[in-house]
Amino acid sequence: MSAFSLDLSKEFAGQRVLVTGGSRGIGASVAQRLIDAGAKVVVTARQPHAQTPKDAIFIAGDTRTKEGADAVGKAALQALGGLDILVNSVGAARVHLPNSEAISDDEWLDSININFMATVRVTSAVLGALKESKAGAIVNVSAGGNAPFGGPLLHYGAAKAALNNYSQGLAKELAPIGVRVNIVTPGPIITPGGDEVRKTITSAMGITDEQFFATVPLKGRAGQPEELAEIIAFLVSPRAAYITGHNHFVTGGWGELSL
Ligand SMILES: NC(=O)c1ccc[n+]([C@@H]2O[C@H](COP(=O)([O-])OP(=O)(O)OC[C@H]3O[C@@H](n4cnc5c(N)ncnc54)[C@H](OP(=O)(O)O)[C@@H]3O)[C@@H](O)[C@H]2O)c1
């Protein structure tokens, strides 16, 4: 091995991890990435899917409510005997056409619960354990890139903006005790949830998937969940020990949703 190569194959050995929204998509990729490097991982979602990592411990729960989030946090701590890493990938974008006037009050609240409060509540439920870890780290998965979502996704963008503010405020609060909090903002990524949203958008715009992805500056291509898993693995690792409170864009340079 050269002096400059890193052997990351056991980087997370002994680390205890909780991934919300870990049954599929970006969360499942993150869970698999950390399992492959030796971590013990709990994933949570309402139900397991075909993509759910086989070597993860699955805990079912709906984290939109405080009761649901508390129960998931408690069960995860019991299964792991503590916690070192929390990745909040839970989230959902529901497109309401033609514009924000189609978003009902209930849908606003649902978006806030799933895209913001689920992360706040799960984090609160496990924060005591993270503070006891020698290297506690949190990554929250956001959305929005360089420009805020509007129109049919206004409620989603607003909830993710709250998530960003919360994450950066929490990073500041926890920095003195060494718990790091970072945000990762994906661009258009191939996942079951992302594909569903994109299908609604492209059919409303009357364009193909190829035309949609052509708007991504970096080679006009979609992102893969593994590309998110890689930066998240870095951010929760000791390699990122001096990085906290930042929003890291993994968007292929894609900032605006032209709907
Ligand atoms: N894919 C993209 O292009 C993209 C772009 C920007 C941001 N993001 C963000 O990236 C994150 C992951 O998205 P993804 O594309 O991987 O989505 P996905 O494929 O739909 O996965 C979402 C995960 O969240 C879980 N979940 C949904 N509702 C839940 C609830 N009420 N309680 C508990 N778990 C719930 C899902 O499982 P169940 O349905 O079984 O509960 C699943 O495990 C989200 O925060 C999303 O906003 C994605």
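Let's start in a loop: Lys 219 is found in the stretch between helix 6 (209-213) and helix 7 (225-235). Keep in mind that this is a predicted model.

- Lys 219 has a phi near 60°, which is a positive value in a residue other than glycine.
- Lys 219 is also exposed, with a relative accessible area of 76%.
- You'll find Pro 98 in the loop between strand 4 and helix 3.
- What makes these two spots worth a look is that most residues other than glycine have a negative phi, and most peptide bonds are trans.

**Strand 5, wrapped up on both sides**

**Who sits beside strand 5**
- One partner is strand 4 (residues 85-88), which pairs with strand 5 in the parallel sense over 4 bridges.
- To spot this pairing on screen, look for Val 87, whose bridge partner in strand 5 is Val 139.
- To get from strand 4 to strand 5, the chain goes through helix 3 (residues 105-132), and this β-α-β crossover is right-handed.
- Strand 6 (residues 180-186) is another partner: it runs parallel to strand 5, and 5 bridges join the two.
- Here, Ile 138 stands opposite Val 181 of strand 6.
- The chain gets from strand 5 to strand 6 by way of helix 4 (residues 154-174), in a β-α-β crossover that is right-handed.

**Helix 3, with a bend in it**
- Helix 3 has 28 residues. From its first C-alpha to its last it reaches 39 Å, close to the 40 Å expected at 1.5 Å a residue.
- Helix 3 also has a kink of about 55°, centred on Val 126.

**Charged pairs**
- Altogether, the structure holds 10 salt bridges.
- One of them links Asp 110 with Arg 64, where the closest N and O atoms are 3.3 Å apart.
- Asp 110 lies in helix 3 and Arg 64 in the loop between strand 3 (57-60) and helix 2 (66-80), so this pair ties together parts that are 46 residues apart in sequence.
- Is Asp 110 buried or partly exposed? Its relative accessible area is 21%, which makes Asp 110 partly exposed, because buried means under 20%.
- Asp 110 and Arg 64 also belong to a network of salt bridges that includes Asp 62 and Arg 94.
- Asp 70 and Lys 66 form another salt bridge, with the closest N and O atoms 2.8 Å apart.
- These two are 4 residues apart in helix 2, so about one helical turn separates Asp 70 and Lys 66.
- Asp 70 counts as partly exposed at 31% relative accessibility, and Lys 66 is partly exposed too, with a relative accessible area of 46%.
- Glu 227 forms a salt bridge with Arg 221, and the closest N and O atoms are 2.8 Å apart.
- Glu 227 is partly exposed, with a relative accessible area of 34%, and Arg 221 counts as partly exposed at 37% relative accessibility.

Terms used. Residues are numbered from 1 along each chain as its sequence is written. This is a predicted model: local features need pLDDT of at least 70, side-chain atom pairs count only at pLDDT 80 or more; totals for chains, interfaces and linings use all residues. Side-chain values use heavy atoms; hydrogens and water are left out. Two strands pair if DSSP finds at least two bridges between them. A crossover is right-handed if, with the strands pointing away from the viewer, the path from the first strand over the helix to the second runs clockwise. The expected span of a helix is 1.5 Å times one less than its number of residues. The bend at a residue is the angle between axes fitted to the seven residues ending there and the seven starting there. A salt bridge is a side-chain nitrogen of Lys or Arg within 4 Å of a carboxyl oxygen of Asp or Glu. Buried means under 20% relative accessible area, exposed over 50%, partly exposed in between (1.4 Å probe, protein chains only).
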